[in-house]
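Please keep the sequence and the model in view while reading.

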Amino acid sequence: MANRHNLAMERTGQWVFSQEVPTDVIVEVGEASFSLHKFMLVAKSNLIRKLILDSKEADLTRINLSGIPGGAEIFEKSAKFCYGVNFEITVHNVAALRCAAEYLQMTDVYCDNNLAGRTEDFLSQVALTSLSGALVVLKSCEDLLPMADDLRIVQKCVEIASAKACVEANFPSRSPPNWWTEELTILEINFFSKIITSMKTRGAKGLTLASAIITYTERSLRDLVRDHSGGNGNRIRSTEYSDTDLRSRQRGLLESIVSLLPPEKSAFPVNFLCCLLRTAIFLKADAKCKTELEKRVSAILEHATVDDLLVLSFTYDGERLFDLESVRKIISGFAEKEKNVAVFNAGDLKEVCSTAMQRIAKTVDAYLGEIATYGELSISKFNGIANLVPKAARKVDDDLYRAIDIYLKAHPNLDEIEREKVCSVMDPLKLSYEARVHASQNKRLPVQIVLHALYYDQLMLRSGADEDDQKTPDAGSTRNQLQADVSLAKENEALRTELLKMKMYIQDIQRPQGTTSKAVSTSTSANASASASTSRKPKFFSSMSKTLGKLNPFKHGSKDTLNLDEGMPDLTKPRRRRFSIS
């Protein structure tokens, strides 16, 4: 403090002590003190005159002016003005000098050609004649509120800056054409919002406003909004943003930026909106902010790429899944809009889908393939996203099959039922020939899907149809036929198991009879028993084969298996037959 006091006294002495008149008052501004002359200050400042006159002390020797705008530096310049010492007025200090002149009551009403009038002339004739000058003055007003606002300095700067920005947007005066958007980035969000709002009232186009907002956002939220999906060098970890105060400031800044977005949905690229939404999720912005961004992404989802959706799904370090709910809402919103359009046009979404919906279907399937490798992705979430796309939007299900295969490979511990649930989102009849060949040899798929693939190719070969030249069979009837054949295959497998058990049971019955029989009977009766035994066994199994032949569901091309068990002979107790011995 002593050093600052001495420094201030030394600076003041350079232009005060040359008067050869002893100083009679010390002005304190914060930690700085200025030894000055009362009569020089009173000549220009009505405030100091009032303080001296209203003082209860006979001879006031100390005056505290710590509340002056701009602090000690600006007071020193104001004091120089009182002494008639030359100093430079610039765009950086003119606003502070104007506020200090108002604080010290150094107006033209008190004294002609005073400090207030000199600063007003500089503002109108120099500082506010260019966009850059107006923005620098506006920037300096951030520490001068509310006085700068009361003196209409902020309003003048905003009006001049917005008007010149609109002119530059339409008729650039320098290169690059969007140089003016970089100039706006020096402002805090409250002044930036004032300029954007003023540009809206002047009729600025949505793309013009979007250009300024994008540049400002990328500067003010540099580490958060920048796309980190492309490399590892700039990735940030969540621990770097554990400061709650920093998060709170960034959250408020983001919410203010989102509130400034122009109504035109197509004014912003989808990648920028996805980065904004990822930042909103990360900073835990309010629901209104996130909903607005989700609606904007959904409106232009057809222009999104897989990387855009992945930006929403992973943490900044790319190590784990971050959020799938927003992706689900975005896809669902677009699908709902397509459905409403189809209903409005008296169409049916199940019959035909727009080109945009078909493009999104490819994007979603590729997106599922990217996130399928993560162990924390549940079946319900995987299927939930896949089912958001209408079935008719996929001409072929090859991309979806690839995603399913990746998911099954990344989750090897799924049982048969769970694998069937994963595959339920896919239509095996809509696979290409190459995909069906792969599916028929894929051990990760459930048996039902493999049978579908095999049966479809067999059906095509049997009908002699060429899938490249002729129309494929009706999908509905073929699907029903496949379901019936799968059910029949399972019943045949169960019947084969029962027959094997029965064969083993009969052998167990016959084995004790052969080993415990005593040699009491004659050789003739032994031969008769052997003859009867050898003749009984073929008779029984020939009878069984005839019975099973009657039950063959494919004998006359029928697939009906409802009465498969009717007429089944009782195999546990074979009927006794008489055998003649010749």
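Ser198 is found in helix α11; helices (H or I, at least four residues) and strands (E, at least two) are DSSP runs numbered from the N terminus. The model is a predicted one, in which local features need pLDDT of at least 70 and side-chain atom pairs count only at pLDDT 80 or more, while totals for chains, interfaces and linings use all residues. Residues are numbered from 1 along each chain as its sequence is written, and side-chain values use heavy atoms, with hydrogens and water left out.

With a relative accessible area of 13%, Ser198 is buried (buried means under 20% relative accessible area, exposed over 50%, and partly exposed in between, with a 1.4 Å probe and protein chains only). Leaving aside residues up to four places away in sequence, Ser198 touches Val158 and Ser162, where contact means heavy atoms within 4.5 Å. With Ser162 there is also a polar contact between the two side chains, at 2.8 Å. A polar contact is a pair of N or O atoms within 3.5 Å; within protein, one must be able to donate a hydrogen and the other to accept it, and residues adjacent in sequence count only if both atoms are side-chain atoms.

Helix α11 also has a helical partner. The axes of α11 (residues 189–201) and α12 (residues 206–220) come within 10 Å and cross at roughly 170 degrees; axes are lines fitted to C-alpha atoms, for helices over the stretch in contact, and angles run from 0 to 180 degrees between N-to-C directions. The two helices are therefore roughly antiparallel to each other (angles under 35 degrees count as roughly parallel, over 145 as roughly antiparallel, 65 to 115 as roughly perpendicular and the rest as oblique). On the α11 side the contact is made by Ile189, Phe192, Ile196, Met199 and Lys200, and on the α12 side by Thr208, Leu209, Ala212, Ile213 and Tyr216.

For the chain as a whole, there are 26 helices and three strands. Of its 582 residues, 42% are buried. Among contacts between residues at least 6 apart in sequence, 70% join residues at least 24 apart.

The three strands form an open sheet in the order β2-β1-β3, with mixed pairing; two strands pair if DSSP finds at least two bridges between them. The edge strands are β2 (32–36) and β3, each pairing on one side only. Neighbouring strands of the sheet are turned by 20 degrees against each other on average, direction ignored. Strands β1 and β2 run antiparallel and are joined by five bridges, and Val27 stands opposite Phe34 in β2. Helix α4 (residues 71–83) lies across β1 and β2, at about 10 degrees to β2.

Strand β3 is also involved in the packing of α3. In α3, Asn46, Leu47 and Ile48 are buried, and the buried residues of this helix pack against α2, β3 and α5 (94–103). At the start of α3, a side-chain oxygen of Ser45 comes to within 3.5 Å of the backbone nitrogen of Leu47.

Salt bridges come next. Side chains of opposite charge can pair when their charged atoms come close. With a salt bridge taken as a side-chain nitrogen of Lys or Arg within 4 Å of a carboxyl oxygen of Asp or Glu, the count comes to 14. One of them joins the side chains of Glu28 and Arg62 at 2.5 Å, N to O. Glu28 lies in strand β1 (residues 25–29) and Arg62 in strand β3 (residues 62–64), so the pair ties together parts that are 34 residues apart in sequence. Both partners are partly exposed, Glu28 at 23% relative accessible area and Arg62 at 46%.

Lys38 forms a salt bridge with Asp59, with the closest N and O atoms 2.8 Å apart. Because Lys38 lies in helix α2 (residues 38–42) and Asp59 in the loop between α3 (46–54) and β3, this pair ties together parts 21 residues apart in sequence. Lys38 is buried, with a relative accessible area of 12%.

Glu416 and Arg419 meet through their side chains in a salt bridge of 2.6 Å, N to O. Both lie in helix α22 (residues 416–423), three residues apart, about one turn of the helix. At 29% relative accessibility Glu416 counts as partly exposed, whereas Arg419 at 18% counts as buried. Elsewhere, salt bridges that share partners join Arg98, Glu102, Glu120 and Lys156 into one network.
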